[in-house]
Amino acid sequence: MFQHSKYVKTLGLAAAGLALSFMVVGPVAAEGNRPGWDRDYNSEISAAKAYLLITSNKGSKDIPAALIDVRTLGEHAAGHPKGSYNVPFPHINWASEGSPYVGQDPQVFYDEVLLAVDGNLDTPIMTLCRSGYRSVLAANILANPAGNGVYGEPFTNVRNIWEGFQGAHRYDNNDIAVDMTGDGEVTELDKDGWINHMELPYSTVLTPARAYLNDVNQYETATPYTYPEH
Ligand SMILES: [Ca+2]
């Protein structure tokens, strides 16, 4: 674990979360996505690894990775990885008729992501949703558009952040949710996602240029979540 101490010195929480992910949930991370669905994309990636990747790409001559947050506008507004793009998939209309949410379909999703990365199909793509279900479908569309009824060339480097932003509880052999934080109770903070057990940084600052349709006014709807403080 010599690398562990090195990373902790330089990258703190992110590296600690990465190490924990290998110890606690290694087999799941190695075998596939949360729902166990077939994938057309390259591989899974942990939230901690994704954070390290987008952070280390700053100033690099390589193609910067693009983190695509496929959750709804409201979810994104409540908290998201800094620098991520918000391209919702699929459109989930939680509001009533007349909702300001804009409809979304696989073709629009693909086109929006392609636009976000200036048409560079070799951009390292990482998809993120709440707990790792929607992001699997989104990643498949990008990696295999023709196989998913979408017109366009496939992205060549697509990974799915399998835990998701909030994540889900881990369960022991008796199907009891695991107290990941060891504080004697099972709460949201024991979920394995980006914001919870991983404790990775997030932002509520909106970047219109990285928002779906570049229209920040869409975020005026009430947000459905309040994320726990760390
Ligand atoms: Ca706990």
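This is a predicted model: local features need pLDDT of at least 70, side-chain atom pairs count only at pLDDT 80 or more; totals for chains, interfaces and linings use all residues.
1. The largest nonpolar core holds 42 residues, and the members touching the most others are Ile 68, Met 126 and Leu 142. Two or more residues each come from helices H3 (47-56), H4 (73-78), H5 (106-116) and H6 (134-143), and from strands S2 (66-69), S4 (125-128) and S5 (158-161). The largest contribution is that of H6, at seven residues.

2. Ile 68 deserves a separate look. Beyond its neighbours within four places in sequence, Ile 68 is in contact with Tyr 85, Val 87 and Val 113, and also with Ile 125, Met 126, Thr 127 and Leu 128.

3. The buried residues of H5 include Phe 109, Tyr 110 and Val 113. Viewed along the helix axis, the buried residues of H5 lie within an arc of 95°, so they line one face of the helix. S2 and H6 are among the elements covering the buried residues of H5.

4. On the H5 side the contact involves Pro 106, Phe 109, Tyr 110 and Val 113; on the H6 side, Ala 138, Ile 141 and Leu 142. By class, this contact comprises seven nonpolar residues, with no polar and no charged ones.

5. One backbone detail concerns the end of H5. Just after this helix, Asp 118 has a positive phi of about 55°.

How values were computed
Residues are numbered from 1 along each chain as its sequence is written. A nonpolar core is a set of buried Ala, Val, Leu, Ile, Met, Phe, Trp, Tyr and Cys residues joined through C-beta atoms within 7 Å. A residue is buried if 20 or more other C-beta atoms lie within 10 Å of its own, exposed if 12 or fewer, and partly exposed in between; C-beta atoms are placed from the backbone. Helices (H or I, at least four residues) and strands (E, at least two) are DSSP runs, numbered from the N terminus. Two residues are in contact if their C-beta atoms, placed from the backbone, lie within 7 Å. The arc is that of the directions from the helix axis to the C-beta atoms. Ala, Val, Leu, Ile, Met, Phe, Trp, Tyr, Cys and Pro count as nonpolar, Asp, Glu, Lys and Arg as charged, and the others, Gly among them, as polar.
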